[in-house]
Amino acid sequence: MMRRIVSTLEAATSSLEAGKCPSSSGMHTLAFDGLRLKQEETRNAATIAVFNPKFLGLSLAWIQARGQSWEYLLVMLGNWSSQAPDEALECLVQQPALCNLLRELAESSARVRMPTGTPLNDTALWIIANLATSSCM
């Protein structure tokens, strides 16, 4: 599964760099498959791979622009940040667009729903809570 996540990450990064939406299966893999990694060491390595500055910057820009399937990238940030080691969270926190984006999303309408059925503003608040409860803050 780790190989699949890393290869999906590489493909998604290439797509975002080209201004294209990553495949829907790739978006789903990045949003949800990390939750299935049982061993903490493997999960931490996968999280650090996903939370690299280049991919995070591209993902945040895609979310900000509301690019196709942006909701999956937001859910990905929530799922990965909920289990991320501090090293990975520090990389996320250092992204210049993060604060304004999360503030904007947290203040948005509860009528907008994520792929999980959760309101958009709840998803943004969940990511903020994940960051606030880490020791990197």
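Predicted model: local features only at pLDDT ≥ 70, side-chain atom pairs only at ≥ 80, totals over all residues.
Cysteine 21 sits in the loop between α1 and α2, where helices (H or I, at least four residues) are DSSP runs numbered from the N terminus, as strands (E, at least two) would be. Setting aside residues up to four places away in sequence, cysteine 21 touches Ser15, Trp62, Gln68 and Ser69; contact here means heavy atoms within 4.5 Å. Residues are numbered from 1 along each chain as its sequence is written, and side-chain values use heavy atoms, with hydrogens and water left out.

One of the contacts of cysteine 21, Ser69, leads us to the loop between α4 and α5, which holds serine 69. Its phi is near 60°, a positive value in a residue other than glycine. Arginine 66 lies in the loop between α4 and α5 too, and has a phi near 55°, again positive in a residue other than glycine. As background, most residues other than glycine have a negative phi. Arginine 66 counts as partly exposed, with 31% relative accessibility; on this scale buried means under 20% relative accessible area, exposed means over 50%, and partly exposed is in between (1.4 Å probe, protein chains only).

Now for the inside. In soluble globular proteins, nonpolar side chains tend to be buried together. The largest nonpolar core here has 39 residues, and Val50, Phe51, Phe55, Met76 and Leu77 touch the most other members. Such a core is a set of buried Ala, Val, Leu, Ile, Met, Phe, Trp, Tyr and Cys residues joined through side-chain atoms within 4.5 Å. At least two residues of this core come from each of α1 (2-17), α2 (24-32), α3 (40-50), α4, α5 (70-81), α6 (86-93), α7 and α8 (120-132). The biggest giver is α5, with seven residues. For a close-up, take phenylalanine 55: not counting residues up to four places away in sequence, phenylalanine 55 touches Leu9, Ala12, Thr13, Leu16, Leu30, Val50, Leu73 and Met76.

Leu30 is also one of the buried residues of α2, along with Gly26, Met27, Thr29, Ala31 and Phe32. Who covers them? The cover includes α1, α3, α4 and α5. Threonine 29 of helix α2 counts as buried because its relative accessibility is 8%. Leaving aside neighbours within four places in sequence, threonine 29 is in contact with Arg4, Ile5, Thr8 and Gly34.

How do the helices pack? Two packed helices are described by the angle between their axes and the distance between the axes. Axes are lines fitted to C-alpha atoms, for helices over the stretch in contact, and angles run from 0 to 180 degrees between N-to-C directions. The axes of α2 and α5 come within 7 Å and cross at roughly 20°. The two helices are therefore roughly parallel to each other, given that angles under 35 degrees count as roughly parallel, over 145 as roughly antiparallel, 65 to 115 as roughly perpendicular and the rest as oblique. The crossing of α2 past α5 is left-handed, meaning that the near helix is turned anticlockwise from the far one by less than a right angle (clockwise would be right-handed). On the α2 side the contact uses Met27, His28, Leu30, Ala31 and Phe32, and on the α5 side Tyr72, Leu73, Val75, Met76, Asn79 and Trp80. By class, that contact has nine nonpolar, two polar and no charged residues, with Ala, Val, Leu, Ile, Met, Phe, Trp, Tyr, Cys and Pro taken as nonpolar, Asp, Glu, Lys and Arg as charged, and the others, Gly among them, as polar.

Then there's the pair α4 (residues 53-64) and α7 (residues 98-106), whose axes come within 11 Å and cross at roughly 35°. Here α4 passes α7 in a left-handed crossing. Leu60, Ile63 and Gln64 of α4 meet Leu98, Leu101, Glu104 and Leu105 of α7, a set of five nonpolar, one polar and one charged.

We finish around α6. Glutamine 83 is in the loop between α5 and α6, and is buried with a relative accessible area of 18%. Beyond neighbours within four places in sequence, glutamine 83 is in contact with Gly34, Leu35, Arg43, Asn44 and Thr47. Leucine 89, in helix α6, counts as buried at 1% relative accessibility. Leucine 89 and cysteine 136 are 47 residues apart in sequence and 7.1 Å apart in space, C-alpha to C-alpha.
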